[in-house]
Amino acid sequence: MDCLFVGQNIIALSSVDSTNNYLINLSQNVNLVEGTVVVANQQTAGKGQRTNNWHSESGKSLCVSILLTPKLDVNCQFTFNKFIALSLCQALQTYGISAKIKWPNDIFIDFKKVAGILIENTIRANKIDKSVVGIGVNVNNSLNSIPQATSLEQCLEITPSLSELLEVICEKIEKNYLIFKKQPFLVNELYHKNLFKIGEVQLFSRNNKSFEGIIQSVNENGQLVVEVNGHAEFYSMGEVKFMI
Ligand code: BTN
């Protein structure tokens, strides 16, 4: 792996409840180096965003958590999320896939989700002390029961092995981490360049009512900025749904 610290310490497990939980617990008891990776062949209780479950199939999805210790101001939390989403998106793009970041930090291919991110931060004295970055990618999953999801297998003739994919993701995260620390505006710019539906008219639903708007940006608080009837509206996570 072409990395200095991300993925230099890899803990590979055959089965675990959640790689995020495992890494959070371990990091509370042992002093781990930054960039430590926990990867599991199978997760029995994978966690998604907002108390959702994350379904994965044994050996067919990448389930990984990465420890970063950015010591950043809490106000930068969402820019940190942007850097992770951008890295995952770019990692998938290296296979020639037109992956996009769907706000806030899902990765889509065309109109379907291929990967998700769950970042769990430990805050101390207003700083992000520890960040456990959980990433799940559908690689060879059979997704018959989840029509709104896709997998790399459905878009590529040859799917990468889970270990190769992990390597590419670690490399992108390490490269962008350095950029993020020195030039966060650049990460912000690239996040927007890769944002699903930016500048396009999109149908949303909010409190069971649908409306159209043009996606303008995602601000530093992680809110989606949408132009509706000529003025900007700001939506927090979970407040609006894309009608896809
Ligand atoms: C989402 O899109 O809702 C986030 C999904 C995150 C899933 C990954 S799989 C590895 C890590 N461990 C977990 O329990 N969740 C994340």
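User: On β6, are D106, I107, F108 and I109 buried or exposed?
Analyst: D106 and F108 point one way from β6, while I107 and I109 point the other way. A strand here is a DSSP run of E with at least two residues; a helix is an H or I run of at least four, and both are numbered from the N terminus. Buried means under 20% relative accessible area, exposed over 50%, and partly exposed in between (1.4 Å probe, protein chains only). On both sides of β6, these residues are all buried.

User: What pLDDT do local features need in this model?
Analyst: Residues are numbered from 1 along each chain as its sequence is written, and side-chain values use heavy atoms, with hydrogens and water left out. The model is predicted: totals for chains, interfaces and linings use all residues, side-chain atom pairs count only at pLDDT 80 or more, and local features need pLDDT of at least 70.

User: Which residue of β6 is the bridge partner of A99?
Analyst: Two strands pair if DSSP finds at least two bridges between them. β5 (residues 99–102) pairs with β6 in the antiparallel sense, over four bridges. A hairpin of three residues joins β5 to β6. In β6, A99 is partnered by I109.

User: What is the omega of the peptide bond between W103 and P104?
Analyst: Most peptide bonds are trans. P104 sits in the loop between β5 and β6. The bond that joins W103 and P104 is cis, with an omega of about 0°.

User: In β7, which residues are the bridge partners of I107 and F108?
Analyst: β6 (residues 106–109) and β7 (residues 112–124) run antiparallel, joined by three bridges. I107 is bridged to A115. F108 is bridged to K113. The partners are A115 for I107 and K113 for F108.

User: Which residue in the hairpin of β6 and β7 takes a positive phi?
Analyst: Most residues other than glycine have a negative phi. This hairpin has two residues between the strands. A positive phi near 55° is found there at D110.

User: Which residue of β8 is the bridge partner of A115?
Analyst: β7 and β8 (residues 127–138) run antiparallel, with 10 bridges between them. A115 of β7 already pairs with I107. In β8, the bridge partner of A115 is V137.

User: What phi values do A125 and N126 have?
Analyst: The hairpin of β7 and β8 has two residues between the strands, and A125 is in the turn. N126 lies in the loop between β7 and β8. N126 is exposed, at a relative accessible area of 53%. Both phi values are positive: about 45° for A125 and about 65° for N126.

User: Why does R50 count as exposed?
Analyst: R50 is in the loop between β2 (37–43) and β3 (61–68). R50 is not a glycine, yet its phi is positive, about 45°. R50 counts as exposed because its relative accessibility is 53%.

User: Which strands stand at the edges of the open sheet of five strands?
Analyst: The open sheet has the order β12-β11-β10-β9-β13, with antiparallel pairing. Each edge strand has a single partner, so one side of it is left without a neighbour in the sheet. The edges are β12 (231–235) and β13 (241–242).

User: Which residue in β13 is the bridge partner of S205?
Analyst: β9 (residues 201–206) and β13 run antiparallel. Two bridges join them. The partner of S205 is K241.

User: What radius of gyration does the protein have?
Analyst: The protein has four helices and 13 strands. The globule rule is 2.2 Å times the number of residues to the power 0.38, and the radius is taken over C-alpha atoms. For 244 residues, a compact globule would have a radius near 18 Å, which agrees with the protein's own 18 Å.

User: How much of the protein is buried?
Analyst: The C-alpha atoms fill a box of roughly 55 × 45 × 30 Å along the principal axes. Of the 244 residues, the buried part is 51%.
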